[in-house]
Amino acid sequence: MFADDFLPTVLFVLLLVSVLLTLIGAGRRVRLWRQGQASTVHWAGLLSIPRRYLVDLHHVVASDKYISNTHVATAGGFVLTTILVLSIYLFGITGSVLNYALLASSALMFIGAVFVFLRRRNPPPNLSKGPWSRLPYSLLTYASSFFILSLPATGLLPANTGGWLLAVVLLLGITWGVGEMYLGMAWGGPMKHAFAGALHLGFHRRQERFGGGRSTGLKSINLKTAKLGVEKPEDFKWNQLLSFDACVECGRCEKACPAFAAGQPLNPKKLIQDMVVGMAGGSDAQFAGSPYPGVKTSTDKAGTYKASTYKGSPIIPIVNVLVPSETVWSCTTCRACVQECPMMIEHVDAIVDMRRFETLEKGQTPGKGAELLENLKTTDNPNGYAPNSRMNWAADQNLPVFGTHVNQADVLLWIGDAAFDMRNQRTLRAMVSLLRAANVDFAVLGDSECDSGDPARRLGDEATFQRLAKTNIATMAQYQFKHIVTADPHAFHCLKNEYSDFGGHYDVYHHTGFFADLVKSQKLRLSTDKALSLTYHDPCYLGRYNGEYDAPRYLLEAMGINIKEMERSKTKARCCGGGGGAPVTDIPGTQRIPDMRMEDAKATKADIIAVGCPQCSLMLEGVVEPRPQVKDIAELMLDALVLDTQLLDTKTLVTQALVAETAVDFQAPAVNLKPTAALAADAKASGEIASTADV
């Protein structure tokens, strides 16, 4: 049989037709993407696709070893098999080496496909079914057909083995396999991601994410454009539409999403698939994954999600036509979906783009979001407090203020909106005490400091964010400082990663990173004699957004604390629910996100949850007791601070004592100091200070 020309001839025709149809389908798919708006074309990225696929993307996939190994065998085997099949049977390149290589690559692919099949026998709920359920069979058929075809070609079987019967069977198998693998890549089948995903890696909107880089700041928009934000699918950038097509419906984003777990109407996977529906037109009737929680859908007899009432097209509005409005506002912008996505899709960018249109063009921000934005416009803080009351908390601190006392300092201490919250004022007081104990030259902006703009930007009010950013940049430009230090990861992120678009380039530290350096250089000494039962909660905007996981843990370990890590920690940490304006949009679910995070903490049986974010403090302390105590790392450090009187001047010791005595609901460090009055009297008598008012 194999000596005859029948099968090679039919294979040639089949492959030629399949390749031509695939190219036609690819052109059609490209036209769908090009409906989007213009975006920078990174042609050099095309040459980097192999490295990005094998390194950057694989690093994400590797967090699940089973899938990682399966992916290497299946995808690697498929790519090699396809190259060899086209070389041998379409282009007529012959040789025993190629035949043996095809035998090996198809065997490798078959092994990987077996593991895909085993996983699909009892799939986790986050995996989509429908067309994806037939993928293992298509992979097995494609691999086994070319494996058997290679046996006679390598001489491992006689040339005429099986005769016409085997030839017909192989032809049917190859037709099925080639149709699913090749046509599916370009015409929207399960293998679509192999084509769209590769190009997405090349033309990714955030090229900085590759090669070990990080890119998490939201993209700025020109406020003078005709339309602000995204109303319709065609309003997305073309490479965003391409990225939506790269989704493999694995559901890792769904599994990681705190809003989905809380029963709020958001499923990141379905959101991306709805964007594909909007781009291509139609409805979500073919989607076979989990629906948006709480959104009415129709199901089949087996209870599998089938369709909702939402439809779309490139020129039809998205919100409330293709996607429920509540879906867009449920997101906490924690980037857990982005962190987990094996195709490196930017879900948060798409959500904020849609929010921008809803807020700026339609004025429809739900819950108390509109009130918060109005407060930011009129008072420069989200709660509407008088701007000249920002420093009321520090009336007893005698803080150096830029423009009033000094024009230059080593450190600008960014206070943030914790200044208006009594609970988080304790953290600020602790920070001031620690900075003074380390003799750090610092100052604050005082009442001239405005909100960083983070809540406005995440709620879609780009105009207010840009105004606040430019105002703060202009204020800071009047003074000289080397570093900015803040306890607020949201302000930290804005100042570090998003102000640069407007000319604000700063060396920004989160307070845990700055204090870690002080401890390492022995400018701060911490006692290790406190046996605390403690776990640590990673703030999203410090961890996933900025990659800082080590500094907070270093400080806790420097206090002799053995951290009881939560099951979901570091890159997989669950959000507290406080980001992205979620507390004010207040979309209902079946449970609260902070309650879920508190359950994670309780599972460790720790008595204390250490935090490094004022928003996390508020969200976690809002959980009904009994629960672990919530303390900022700065507060824990102050409790463990060891003061060396030989290294500190008398004025600093007086300041420390005053801060400890005047703090509200605040435990002073366990140090052996004279009473404040006596210490101040000694200092005045020695001429070191004129009066206690000097400190």
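Helices here are DSSP runs of H or I with at least four residues, numbered from the N terminus.

**Ground rules.** I am looking at a predicted model, where local features need pLDDT of at least 70, side-chain atom pairs count only at pLDDT 80 or more, and totals for chains, interfaces and linings use all residues. Residues are numbered from 1 along each chain as its sequence is written, and side-chain values use heavy atoms, with hydrogens and water left out.

**E621.** I looked up E621 and found it in helix α25. Its relative accessible area is 25%, so I noted it as partly exposed (buried is under 20%, exposed over 50%, partly exposed in between, with a 1.4 Å probe and protein chains only). Skipping residues up to four places away in sequence, E621 touches R423, R426, R627 and V630 (contact means heavy atoms within 4.5 Å).

**Salt bridges.** I counted 40 of them in the structure (a side-chain nitrogen of Lys or Arg within 4 Å of a carboxyl oxygen of Asp or Glu). One joins the side chains of E180 and R134, at 2.7 Å from N to O. E180 sits in helix α7 and R134 in the loop between α5 and α6, so this pair ties together parts 46 residues apart in sequence. E180 is buried at 11% relative accessibility, whereas R134 is partly exposed at 36%.

Next I checked K227 and D235, whose side chains meet in a salt bridge at 3.1 Å, N to O. K227 is partly exposed at 30%, and D235 is buried at 15%.

Then came R457 and E462, with their closest N and O atoms 2.7 Å apart. R457 is buried at 0% relative accessibility, and E462 is buried at 0% too. Both belong to a salt-bridge network that also links D353, R356, D454, R458 and E498.

Note on methods. Helix = DSSP H or I, 4+ residues; strand = E, 2+ residues; numbered from the N terminus.
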